[in-house]
Amino acid sequence: MIANQFPSMNISSAIFDRSASNLESCPDESLPEFAFIGRSNVGKSSLLNFLAGRRELARVSRTPGFTRLINFFTMSKTWRLVDLPGYGFATGARQDSARINQAVREYLQGRPNLYCVFALVDSGLAPQAMDLEFVEWLVENSLPFVLVFTKTDKVSATTVQTNIAAFKERLAEFCESLPEILTCSAQKQLGRGALLAVIKTALAGAQAEDADSESGHPR
Ligand code: GDP
């Protein structure tokens with residue numbers, strides 16, 4: 001997707017809604033949700049602050065006691081940004097499935113208003129087994145997702161491209177069609193437009209569907 005095709009989306013407000021430890025304690029399902037997840041240290045908090053244009057948006061998610069909770073933020077009163085706990089540093093790390101915490105699994109598998117998962121991957125690293133396992137789990141569960149390669153400023157552009165190409169090669173082992181792939185650097189403030197464009201496009205699609213169903217014209 002070419003980001004410049006989309007005029008940038010304005011975020012007029014970003015308000016912390018609540019933290020949830022399971023599916024039951026999540027907010028109602030009235031707003032479209034976009035969830036962000038990655039391994040610890042992937043740059044998620046920095047990216048969320050950059051996206052929202054708020055220095056401290058993700059602060060609550062980093063407060064001790066909140067790191068394993070699902071944190072909801074209402075954006076521009078129209079959609080929710082969902083900050084999911086990182087995977088890979090879980091509970092005993094006995095089995096692959098245990099690495100994705102229970103609340104995250106429940107949320108991802110049971111949320112009808114989840115529009116897209118932004119799966120974050122560190123662009124400075126060769127493909128990591130844990131990231132591939134998580135993405136494979138998303139595919140197995142037929143969840144809509146895009147891949148976001150973070151911290152592109154940290155290594156050379158060539159290294160970023162090499163790591164992305166290697167990741168794509170591994171993805172092809174279990175993905176029939178490759179997902180959309182974005183890159184970003186919170187530090188250099190790059191990639192925001194393309195990320196917000198994904199959200200904007202999804203929201204526009206949902207509005208069009210609503211309008212059609214109200215007028216009795218199925219798409
Ligand atoms: P989280 O654990 O996934 O929430 O990651 P953080 O946002 O806390 O970032 C982890 C580390 O990576 C911190 O030292 C950040 O300063 C650094 N970091 C985050 N984003 C970037 C980036 O775009 N470029 C670089 N060079 N470092 C980053």
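1. A residue is termed buried when its relative accessible area is under 20%, exposed when that area is over 50%, and partly exposed in between (1.4 Å probe, protein chains only). Both K151 and D122 are buried by this criterion.

2. The model is predicted, so that local features need pLDDT of at least 70 and side-chain atom pairs count only at pLDDT 80 or more, while totals for chains, interfaces and linings use all residues. Residues are numbered from 1 along each chain as its sequence is written, and side-chain values use heavy atoms, with hydrogens and water left out.

3. The structure contains 8 salt bridges, a salt bridge being a side-chain nitrogen of Lys or Arg within 4 Å of a carboxyl oxygen of Asp or Glu. One of them joins K151 to D122, with an N to O distance of 3.9 Å. This pair links distant parts of the chain, 29 residues apart: K151 lies in the loop between strand 6 (145-150) and helix 6 (157-171), and D122 in strand 5 (residues 114-122). Helices (H or I, at least four residues) and strands (E, at least two) are DSSP runs, numbered from the N terminus.

4. D17 pairs with R18, their closest N and O atoms being 2.7 Å apart; D17 is partly exposed at 30% relative accessibility, and R18 is partly exposed at 34%. R170 and E173 meet at 3.3 Å, N to O. Here R170 is partly exposed at 38%, whereas E173 is exposed at 59%.

5. Salt bridges also link D28, E33, R80 and R111 in a network.

6. W79 is located in strand 4 (residues 79-83) and is buried, with a relative accessible area of 2%. Apart from neighbours within four places in sequence, the contacts of W79 include M9, I11, F34, I199 and L203, where contact means heavy atoms within 4.5 Å. W79 and L203 are 124 residues apart in sequence, yet their C-alpha atoms are 8.2 Å apart.

7. L203 also belongs to the lining of the second largest pocket, as do P32, T78 and Y115, among others. A pocket is an open set of points on a 1 Å grid over the protein atoms alone, where a 1.4 Å probe fits, with protein on both sides within 12 Å along at least five of seven lines; lining residues have an atom within 4 Å of a point. Helix 7 (residues 192-215) gives the most to this lining, with 8 residues.
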